[in-house]
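This briefing looks at how two protein chains meet, moving from the contact as a whole to individual residues. Please keep the structure in view while reading.

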Amino acid sequence: MGRAAALAIIAVLAAQPARAEGLVLSLSSHRVQITQTYTGAELVIFGAIMRDASSAGRQGRYDVVVTASGPKGSTVVREKVRTGPIWANLSQRKFVNVPATLAVLATREIDEVAEPILRTRYGLGLDALIVRSGPDQVEDAPFREALIRLKQEAGLYVEDGRGVTFITPGLFRATVPVPATAPVGTYDVTVALLSEGVQLARESTHFEVTKVGFEQALAQAARTRAWLYGLLTASMALLFGWMATIIFRRD
Amino acid sequence: MQIYLPIAELPVSIFLVLGLGAAVGFISGMFGVGGGFLMTPLLIFIGIPPAIAVATESAQIAASSMTGAIAYWRRRALDVKLGTVLLVGGIAGTVLGVWFFNAMRRLGQLELVIVISYVVLLGAVGGLMLVESLRALISARRGTPPPRRVGGAHPWYFGLPLRMRFHRSKLYLSVIPLAVLATTIGFAGAVLGIGGGFLMVPALIYLFRVPTAVVVGTSLFQILFTMVAATILHAVTNQAVDIVLALLLVVGGVCGAQFGARAGKNVKGEHFRLMLALIVLAVGIRFASDIALPPEERFSLGVMEVR
């Protein structure tokens, strides 16, 4: 009797593949500091796939998708429309909840990893992440495509089908880019483990992008002590203007 | 070598910005113009957000007009009283301009306003200067002296109320038209990131008959104080002044201006004005092509507002 119950429990566990694999993540740093010489950064994420008895015999390869998503905000996509002799931004759509930066790294091209429906459900890939329903119901596809394309051209959105590499069958690594123009804030890193198009496990971590030292002091002064900051900038300009008349004086 | 701009939130090449500052400073020293109408568009072209380009450029104009104003002050080629009247109007215009700038920025139409204003302004001023300098060149070649202006009769707006005497400029006229002119230029300056010298100097000469000996110094004096006000107002109301970018532009501009001033001494007056007219027109045409030609990319991204 007891043995039958134990077998039943094992059978139930085996039927829930999500429990079978686990992920352990390690990020090379949880803090990116913006200093005077900052021109972008790279973080390395390592992940280990924890397997138990029920998944030991799994056929087929694993796929890993790493998604690093920057602070969310609103942005406007404008379209130039011909009005008389000029082209003016007359048509626009507002996207209220899109990440400022987005890096999707995977073991192979994202459309090979899973079916479109599942990609949308799991939020895998730029297309799936920006189309997601919610408060962000934007009907017009051209604007959405333009948003992704322009962000990609600016280096803010990245999709790389060779961005995750396996070191051993159970250990992978990926390099998460932080663009030079990345805003400060909290960045979420989500790692999804898939096999044959089905999500097996999902784990996330995060890192902060902050201004430090001089940059931090200036940015903060500009916000909180705006009068002082304005006076300082103006006096610096006047000082240099005055110094020039002394240095370059010819008479 | 890259440096991170703390307010613009992007890295730029130090040498690119210093070089731009020096090149524009050279032109401004050569022609005695502030150079804002060249620098602000260039900053936008290299990827600085327009709002930050406009706000930061006001600091650079303050620096270069400081240098110029001191030089004219030493030569006593400056009408302080006239400059002060213009300054009052200029600051009123700056306040209005910064307010308008922030309102347009909220509406998302700031860029279009900046581009169209540049096209209209540069096209009109450049065109007028071109015609005028070509006419001067042709008459110089024929050997006929340029037609002299008929003195005596004053235009109607000199006689409006609140008349004031300006000894250095040998003028006695109402301050109302002066204030209107200064307010308009102050407004344009705050919205477009220009000092407005290239508008102020011709206006003072042709509309108010201010002697050419004091006109540039007086205009610089007025620009100096309006741009200090603009820098502070932009910093306080929209936090778009980038002090690191301002520093680079000031250093580059101040040095370039000195060499420009020396180079300018070897150019003849008519050629001088023709060259300036061509530069102004070229910038105007560059802007016009932006909105007149079918764009390669019809879509553009607005500034991201991260919460």
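How many salt bridges does the rule find across the interface of chain A and chain B? In this predicted model, the rule finds 3 salt bridges across that interface. One salt bridge joins Glu79(A) to Arg298(B), with the closest N and O atoms 3.0 Å apart.

**Elements and residues on the chain A side**

- Strand S5 (72-83), strand S6 (86-99), helix H6 (141-153), helix H7 (213-224) and helix H8 (226-247) of chain A each supply at least two residues of the side that touches chain B.
- Of these elements, H8(A) provides the largest share of the side of chain A that touches chain B, namely 16 residues.
- Sorted by residue class, the side of chain A that touches chain B is made up of 38 nonpolar, 14 polar and 13 charged residues.

**Extent of the contact**

- Chain A brings 65 residues to the contact, while chain B brings 55 residues.
- About 5300 Å² of area is buried between chain A and chain B, and carbon and sulfur atoms give 65% of this area.

**Strand pairing between the chains**

- S5(A) pairs with strand S5 (residues 299-301) of chain B in the antiparallel sense, over 3 bridges.
- Within S5(B), Phe299(B) is the residue that stands opposite Glu79(A), and Glu79(A) also forms the salt bridge with Arg298(B).

Technical notes:
Residues are numbered from 1 along each chain as its sequence is written. Chains are lettered from A and ligands numbered from 1 in the order in which they are written. This is a predicted model: local features need pLDDT of at least 70, side-chain atom pairs count only at pLDDT 80 or more; totals for chains, interfaces and linings use all residues. Side-chain values use heavy atoms; hydrogens and water are left out. Contact means heavy atoms within 4.5 Å. Buried area is the accessible area (1.4 Å probe) that two parts lose on being put together, summed over both. A salt bridge is a side-chain nitrogen of Lys or Arg within 4 Å of a carboxyl oxygen of Asp or Glu. Helices (H or I, at least four residues) and strands (E, at least two) are DSSP runs, numbered from the N terminus. Ala, Val, Leu, Ile, Met, Phe, Trp, Tyr, Cys and Pro count as nonpolar, Asp, Glu, Lys and Arg as charged, and the others, Gly among them, as polar. Two strands pair if DSSP finds at least two bridges between them.
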